[in-house]
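I opened this notebook to keep track of what I looked up in a structure that was new to me. The entries follow the order in which I looked.

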Amino acid sequence: MSTVATSPPATVAIAGGDSWATKWNYRRILRRPLAWFAWSVLVLLTLVLTIGPAVLSTDPLAQTAPAFQPIGTAGHLLGTDELGRDLLARLIAGGQPLLLVCMGSAFASGLIGSALGILAGYVGGAVDAIVMRTMDILLAFPLVLVAILMVALLGGGTTNMIVAITVSQIPYFARLARNLTLAERGQDYIRSAKALGFRGPRIASREILPNISGQLLVQATSTLAVTAGLSSALSYLGLGQDASAPDWGYMVRSGQEFIFAYPSLCLIPGLLITLFAVAANLVGDDLRDALDIEGR
């Protein structure tokens, strides 16, 4: 009697939806002049704020020159403020808290909000109702009010500002992730994964998340603009960094007293905040085009 050789069963691959990496169309990125401008501004500001203090040795807190030196003064490229502190050094040092708060809060709110949204959209039922009603409560309050309340409870400082702004941004990621998860949950590749015995956590992390991460990335990039405005507003109101520490929002507040006599003290930090926010928004639009989100 002959023996029939059998081979082990082959691993079954799930034909899932296209992930954001496969939807990426590099030909769509940087094809508009505004996109070039936005990417250039965002990258340049990030580089200057990151490595600037190491290159520029001037102490932003040192009062080493006469007050109100004009732009172009020897040793003080952008002049000095009302206390004789170098304005360029203060601008570079003052942008670091804003950059850190924007990046930190965008990452944290994206991570937490996306997890809650995927959980609500995939599990549904009572979990969905509890999560989304909580998000609705947070959305019922204005962004600035939520951030102010959180900072008032926690106190000032970079870490507390990140926490405060993160809480105000979580509902937007949660709602987006939930809606995207609901759209993906009924796809054939999800049914195939369930038929093969895969459980919810594996399906959510290995099947659903890769297919919605592109939209979440665009949302995170656009969130940088919102967080820049919130961070600056909190600092302007005196709820951000310590008054002695350089900060763009607080520099706008302290410089507005001299806006007619020395407008650079107020206008330059205000312009930098605006440039960062506008550039972040335009970069988000460019990523949306590259991922062809609206055209799917």
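Before looking at single residues I wrote down the terms for exposure: buried means under 20% relative accessible area, exposed means over 50%, and partly exposed lies in between (1.4 Å probe, protein chains only). With that in hand I looked up Phe 68, which is partly exposed because its relative accessible area is 22%. Phe 68 lies in the loop between α2 and α3, and its phi is near 60 degrees, a positive value in a residue other than glycine.

I noted that this is a predicted model, in which local features need pLDDT of at least 70 and side-chain atom pairs count only at pLDDT 80 or more, while totals for chains, interfaces and linings use all residues. Residues are numbered from 1 along each chain as its sequence is written, and side-chain values use heavy atoms, with hydrogens and water left out.

**Confidence**

I then checked pLDDT, the predictor's confidence in each residue, from 0 to 100. The protein averages 83, and 88% of the residues score at least 70.

**Overall make-up**

I found 10 helices and 0 strands in the protein, where helices (H or I, at least four residues) and strands (E, at least two) are DSSP runs numbered from the N terminus. Buried residues make up 43% of the 296 residues. Of the contacts with a separation of 6 or more, 73% are between residues 24 or more positions apart.

**Helix pairs**

How do the axes of α2 and α3 cross? For helix α2 (residues 33–55) and helix α3 (residues 87–123), I read that the axes come within 9 Å and cross at roughly 120 degrees, the axes being lines fitted to C-alpha atoms over the stretch in contact, with angles from 0 to 180 degrees between N-to-C directions. That makes α2 oblique to α3, since angles under 35 degrees count as roughly parallel, over 145 as roughly antiparallel, 65 to 115 as roughly perpendicular and the rest as oblique. The residues that meet include Leu 49 and Pro 53 in α2 and Leu 91 and Leu 99 in α3.

I next turned to α3 and α4, whose axes come within 7 Å and cross at roughly 145 degrees. Among the residues making the contact are Leu 116 and Val 123 of α3 and Val 131 and Met 135 of α4. By class, this contact has 8 nonpolar, 1 polar and 1 charged residues, where Ala, Val, Leu, Ile, Met, Phe, Trp, Tyr, Cys and Pro count as nonpolar, Asp, Glu, Lys and Arg as charged, and the others, Gly among them, as polar.

Helix α8 (residues 200–236) and helix α9 (residues 248–255) pack at an angle of about 45 degrees, with their axes 7 Å apart, which makes α8 oblique to α9. I listed Ser 232, Ser 235 and Tyr 236 of α8 as meeting Gly 249, Tyr 250, Val 252 and Arg 253 of α9.

Is Thr 166 buried or exposed? Thr 166, found in helix α6 (residues 158–185), is buried, because its relative accessible area is 6%. Leaving aside residues up to four places away in sequence, I saw that Thr 166 touches Gly 104, Ser 105, Ala 108, Ser 109 and Ile 112.

Technical notes: Contact means heavy atoms within 4.5 Å.
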